[in-house]
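Biologist: Hello! I am new to this structure. Could you walk me through it?

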Amino acid sequence: MREPTYFVLASLMDGPLHGYAIIKRTGELSAGRVRLATGTLYTALDRLTAEGYVTQVGEEVVNGRTRRSYALTPTGTGALRAEAERMAAAAQVVMASDRPRGAGTRLRRPGEATA
Amino acid sequence: MSPLERRYRRLLRAYPADYRSGRGDEMLGTLLDTAAPGQRRPSARESTALIFGGIRARTAKTASQSASASLHLAAMLALATYISVDLVLMANPHLASFSTPNEWGTYAGLFVATLLIWFVRRELAALALVAALAALFSLKTGPPLLVWAVPCLAVLTALRPERLPKAWLAWFCLPVVLWLVFMLRLLNRSLFMSTGMLYLQLIWVLLGLFVLVPLIWAVTDARPAFALAILFAGFGLANVEGGSVGVTTGFRYLALSAVAALPLLVRLVWRRRRAVV
């Protein structure tokens with residue numbers, strides 16, 4: 001799962017949001033690292049809806065324009081949790097290591113004297 | 001309507017019309033919500049995302065069709081192109097295949113009727129099929145492939161899985177321009193000089209466009225390029241076996257066919273490799 005997808009799904013964890021709110025929340029959750037363009041967001045929402053990760057839950061008219069809200073489905077929640085666990089396990093490999101950085105054995109170059 | 005809204009509306013045209021009617025309003029609202037106060041122009045980043053999003057939406061629309069439906073439409077387009085070019089050649093008195101007005105009129109009439117049905121109404125396709133078969137048995141003349149191509153197109157039209165995109169009509173600009181070039185040469189020979197160089201150059205430019213346009217079009221819809229592949233494969237196979245233009249030209253057509261089929265292969269591979277976003 002790519003980072004923008006991960007944060008779009010994560011932005012919907014606390015409840016349904018509409019497009020603009022998803023863009024804002026994604027920026028907050030990623031500490032400004034993921035800045036979604038509107039075109040990118042809707043491409044992502046199309047894909048995630050087709051995959052069954054996200055569903056449209058509401059529709060209202062604001063300033064004469066349709067505004068739809070999107071929510072995580074149980075499949076989406078499962079995929080988000082699985083991805084979070086995968087990343088946590090990957091981070092654990094590095095974080096749990098008590099060896100100082102660079103202290104591991106390294107291959108000797110040909111002709112290099114042994115200590 | 002503010003200048004920014006007008007510009008966003010223009011950019012949203014990158015998306016297919018049916019997508020815009022469902023999502024356009026909502027996207028426009030989000031675009032205007034995310035705009036900075038006093039902003040008059042869309043940012044380069046937003047514009048690029050909208051253009052690529054539009055291309056993706058168009059690609060997804062055609063990619064969702066089954067392989068058999070795509071092949072069906074591509075075969076129809078290949079046949080229609082062959083017939084339209086052949087009709088133009090038949091109308092040129094400088095070529096051996098020049099036919100009588102009756103012959104030409106029958107084929108042209110049937111072809112136009114089939115095209116109209118293709119783009120307009122499915123139910124009438126059966127009538128075109130009957131007329132095409134009647135013409136086949138009554139005329140028994142004309143270029144050998146054309147005699148079969150018109151009824152084949154009528155059969156495929158009658159069985160067609162869906163209505164064709166209207167943009168495909170642009171494909172038939174080539175035969176029309178070819179016809180205009182022929183007529184121009186007939187009416188004003190001095191324009192093309194005694195060597196006929198300008199005339200040949202024009203024909204090559206037209207053929208180049210005929211190959212290039214479907215290849216560029218393949219970014220959103222690979223079916224016209226696939227139709228071109230079918231067309232060239234047909235010419236190639238007919239001539240490799242000793243047709244009118246020779247074996248070498250036959251192999252060149254086969255090579256062109258492989259080039260035209262490439263976008264479809266690239267898209268098949270790309271679809272398999274594509275991530276969730």
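Modeller: Gladly. Two residues are in contact when they have heavy atoms within 4.5 Å of each other. Please keep in mind that this is a predicted model.

Biologist: Which residues of H3(A) does H2(A) meet?

Modeller: Start on the H2(A) side, where A:Gly19, A:Ile22 and A:Ile23 make the contact. By class, this contact of H2(A) with H3(A) has five nonpolar, two polar and no charged residues. The partners in H3(A) are A:Thr38, A:Leu41, A:Tyr42 and A:Leu45.

Biologist: How are H2(A) and H3(A) oriented to each other?

Modeller: Their axes come within 11 Å and cross at roughly 105°. Angles of 65 to 115 degrees count as roughly perpendicular, so H2(A) and H3(A) are roughly perpendicular.

Biologist: How much area do chain A and chain B bury between them?

Modeller: The contact takes 24 residues from chain A and 25 residues from chain B. On chain A, the trio A:Tyr42, A:Arg47 and A:Arg65 supplies 29% of the area buried against chain B, more than any other three residues. Of the area between the chains, 49% is on carbon and sulfur atoms, and the total is about 2,300 Å².

Biologist: Which residue of chain B meets A:Arg65 in a salt bridge?

Modeller: The rule finds four salt bridges across the interface of chain A and chain B. In one of them, A:Arg65 pairs through its side chain, at 3.0 Å from N to O, with B:Glu5.

Biologist: Which element gives the most to the side of chain A that touches chain B?

Modeller: Helix H2 (19-29), helix H3 (38-51) and strand E3 (65-72) of chain A each give two or more residues. With 10 residues, the element that gives the most is H3(A).

Definitions and conventions:
Residues are numbered from 1 along each chain as its sequence is written. Chains are lettered from A and ligands numbered from 1 in the order in which they are written. This is a predicted model: local features need pLDDT of at least 70, side-chain atom pairs count only at pLDDT 80 or more; totals for chains, interfaces and linings use all residues. Side-chain values use heavy atoms; hydrogens and water are left out. Buried area is the accessible area (1.4 Å probe) that two parts lose on being put together, summed over both. Helices (H or I, at least four residues) and strands (E, at least two) are DSSP runs, numbered from the N terminus. Axes are lines fitted to C-alpha atoms, for helices over the stretch in contact, and angles run from 0 to 180 degrees between N-to-C directions. Angles under 35 degrees count as roughly parallel, over 145 as roughly antiparallel, 65 to 115 as roughly perpendicular and the rest as oblique. Ala, Val, Leu, Ile, Met, Phe, Trp, Tyr, Cys and Pro count as nonpolar, Asp, Glu, Lys and Arg as charged, and the others, Gly among them, as polar.
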